[in-house]
Amino acid sequence: MNIKELTFEEFKNFSSTHPLGNFHQTLEYALLRAEEGYDYELIGYKENENILAASLILTKKIGTTHYGYAPRGFLIDYSNRFFLTTFTNQLREYYRKKGLSFIKINPEIAIGKLNKNTQNMEYNTNYPIIDDLLACGYKKLKNNMYFEALLPRYNAIVSLKDFNINNLNKNTRNKIKKGIRKGLTLCKVEFDKFDILYNFIKNKRNKDEFYYKDLFNVFNKKESVDLFLIKVDFKDYLIRTQNKYNNELNRNNTLNNKIINHSATTVINSKMSSDKNLLTYKNDIAEASKFLNKDDELYIAGALVIKYDNRITIQISGYDKTYKRFVPNYFLYFAILDYYKDKFQYADLNGITADLTKENPYHGLNEFKLGFNPEIYEYIGEFDLIINEQNYNTLLKTGLLAKEFNKTD
């Protein structure tokens, strides 16, 4: 058994059927990262002509040496310690000859699942793989609490076959319904509207517009990406709000009559709440009428979604803070999940943080995603396979490693 370079077709055929296959381990992702200065290689671990393991390996210069990165880890059976050991030894020797100092991996191996009742992580039979990797010479990096690593360690996964608005928490349901009343609608759009999306996401990550344009163009060649925008349908907004206003007006009149005959505190409070609702609906009617007369299109949120195998990933999303009262982020996620529920099995809402406390600066993000009732999985984390220890230690001491990897992907 030895390491060989694979053709595109060989790699695609293997990766598309492997249990750990994911969009990070694709030629499309390699081409995307090539735009950022990475070289890449598709390698396989072969016995005769049979491929037993494979990986996309990105390579890049760092200081006076080079490193490798296998995004979301090698496509290999990590539970087979003997196989993992022989593969690692062959890989280390193969890349020592190519002058690499180390290879970084962050496998998509779930070692635990969050118990929603206790809020504690319950670990599974994959957990001992950590010790197996350490025994093979991999160095485990510190578990990130937030988004310090290249890819999230905690991910929120929704089962689409079970997706239903009634299964979401009350706060999330109410905000989605508010978005529906505001006339929000999901639009699958073409690349000519990309700049609208970019205005919503440009301040979210350390990626410029060219990265996201490259992402769309590369994955779009295989029809593996969708671009969505949320538009306000002001005619629908006006009709729904008028109906709400009329229903509330009838309720308000009933409460008026009750107050005349029975001035209980509960009735008075209900009347005050109803008055407030009527004012809100009046303002909404005025707003909807104003935009309807202008006949303008208004987009207030958007997302890029990557499709791979039986899963979709909401890779990046954002919304116009001017229209925060429309709660477009809640409607956006709901509408995307509803759009794909009969086409795919799972939806990856992307990362949340390991810190589930209210003091967490990302508490709002966590609560937003948790509102869609996902399962929360903890992945195994980041490891460095050290190939040239002297070079690796030099990179550590000079701070070049920290500078290179203290960012999110």
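This is a predicted model: local features need pLDDT of at least 70, side-chain atom pairs count only at pLDDT 80 or more; totals for chains, interfaces and linings use all residues.
Residues are numbered from 1 along each chain as its sequence is written, and side-chain values use heavy atoms, with hydrogens and water left out.

I begin with the sheet. Two strands are said to pair if DSSP finds at least two bridges between them. Nine strands make up an open sheet with mixed pairing, in the order β7-β6-β15-β9-β14-β13-β12-β11-β10. At its edges are β7 (120–123) and β10 (184–189), each of which pairs on one side only. From one strand to the next, the twist averages 30°; for such values, axes are lines fitted to C-alpha atoms, for helices over the stretch in contact, and angles run from 0 to 180 degrees between N-to-C directions.

Within this sheet, consider strand β9 (residues 154–159). Five of its six residues are buried, so β9 is largely enclosed by the rest of the structure. Buried means under 20% relative accessible area, exposed means over 50%, and partly exposed lies in between, with a 1.4 Å probe and protein chains only. With β14 (residues 346–352), β9 pairs in the antiparallel sense over five bridges, and Ile157 stands opposite Asp348. With β15 (residues 375–379), β9 is joined by four bridges, again antiparallel; there Ala156 has Ile376 as its bridge partner. Elsewhere in the sheet, β12 (residues 299–308) and β13 (residues 311–319) run antiparallel and are joined by eight bridges, with Ala303 opposite Ser317 of β13.

I turn to the helix pair. The axes of α5 (residues 170–181) and α10 (residues 328–340) come within 8 Å and cross at roughly 95°. The two helices are therefore roughly perpendicular to each other, given that 65 to 115 degrees counts as roughly perpendicular, under 35 as roughly parallel, over 145 as roughly antiparallel and the rest as oblique. From α5, the contact involves Asn171, Thr172, Lys175, Ile176, Gly179 and Ile180; from α10, it involves Tyr330, Phe331 and Phe334. Contact means heavy atoms within 4.5 Å.

Finally, the single residues. Asn106 sits in the loop between β5 (100–105) and β6 (110–115) and, at 3% relative accessibility, counts as buried. Its side chain makes a polar contact with the side chain of Tyr69 at 3.0 Å. A polar contact is a pair of N or O atoms within 3.5 Å; within protein, one must be able to donate a hydrogen and the other to accept it, and residues adjacent in sequence count only if both atoms are side-chain atoms.

The Lys46 side chain makes a polar contact of 3.1 Å with that of Glu10.

Asn269 belongs to helix α9 (residues 265–294) and is partly exposed, with a relative accessible area of 44%. Asn269 and Val225 are 44 residues apart in sequence and, C-alpha to C-alpha, 50 Å apart in space.
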